[in-house]
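Have your viewer ready and your selection tool at hand.

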Amino acid sequence: MAGRLLLAAMAGAMLVASCGRQADEGEQERPNSAGSDDRKDSCSLRRQGARAQAGAGEYAAALLAYSAVLRECGRRHADASSEVLSWPADDIFAFAISSFHVEGPDAAIGLLRAICVADTRFCIEAARLCRSAGRFAEARDILTGALSRSAADFRVWLSLGLLFSSTSSYSLALRTFIAAHRLDTKDFKSLVNAAQTESNLGLKEKATQRLKHIHRQHPANVEVLLLLVEQFMVIASWRAR
């Protein structure tokens, strides 16, 4: 039912676009800018409500709301994907996540893949959903495609490292996390993931030293402190054997 609803919404948006073009070509009416602004504000508020529902985990209700917005507020784009791409990124993510939970991975991943060329963040999110669904080969294809367009984007390298970790390819993951950090030395998440990967490879002491270094740089970060304490406990247990 949900799948049919989303497809119907997409078809409706395409119909709106087609009818809009016909009106332009035939009647050449002057646009009502005040009415257009009011409609834009209304659609923005409706998307905001749908986004709040998705944030609260009410995915079915959010998908219904987004589908209604897509059907009734669609701009005169050639296709529904172009309309969705015109939304703020937060709405696109919420729409995709709602689709993922209600319709399954195909709808959400298909949407994100269709528009990820325009924004690397959508490629990363598509790969994350693929990872969640166990579709590791597809996730790798998405990320390598993103790298071919944005080789210097550390976020893609970080996501690729997480993918390698998910498949227990720890040596590849470690090299990838280090590469991500070299591209953006201000982001320490790559180093945290590198330390955890080193621990998975059995390099306990090295992982501890890396976490100590991160903790010195970011003493207020509770997550890093907890990981460091956990690593100390692992080493103590390992030495007690």
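Start by selecting Y66, which counts as buried because its relative accessibility is 0%, under the 20% cut-off. Keep in mind throughout that this is a predicted model.

Next, show the aromatic side chains. The pair count for the structure comes to four aromatic pairs. One of them joins Y66 and W87: the ring centres are 5.4 Å apart and the planes meet at 25°, so this pair is stacked. Now colour by secondary structure and see where the two partners sit. Y66 belongs to helix α3 (residues 59–72), while W87 lies in the loop between α4 (80–85) and α5 (89–103).

Is W87 buried or exposed? Its relative accessible area is 4%, so W87 is buried.

Now move on to the cysteines. How many disulfides does a search of the whole structure find? The search finds one disulfide. Select C116 and C123 to see it, with their sulfur atoms 2.4 Å apart. Look along the S-S bond: the link of C116 and C123 is right-handed, with 80° about that bond.

For a last stop, select C130. This cysteine counts as buried, because its relative accessibility is 0%.

Definitions and conventions
Residues are numbered from 1 along each chain as its sequence is written. This is a predicted model: local features need pLDDT of at least 70, side-chain atom pairs count only at pLDDT 80 or more; totals for chains, interfaces and linings use all residues. Side-chain values use heavy atoms; hydrogens and water are left out. A disulfide is a pair of cysteine sulfur atoms within 2.5 Å. Buried means under 20% relative accessible area, exposed over 50%, partly exposed in between (1.4 Å probe, protein chains only). Rings of Phe, Tyr and Trp (its six-membered ring) pair if their centres lie within 6.5 Å; planes under 30 degrees apart count as stacked, over 60 as edge-to-face and the rest as tilted. Helices (H or I, at least four residues) and strands (E, at least two) are DSSP runs, numbered from the N terminus.
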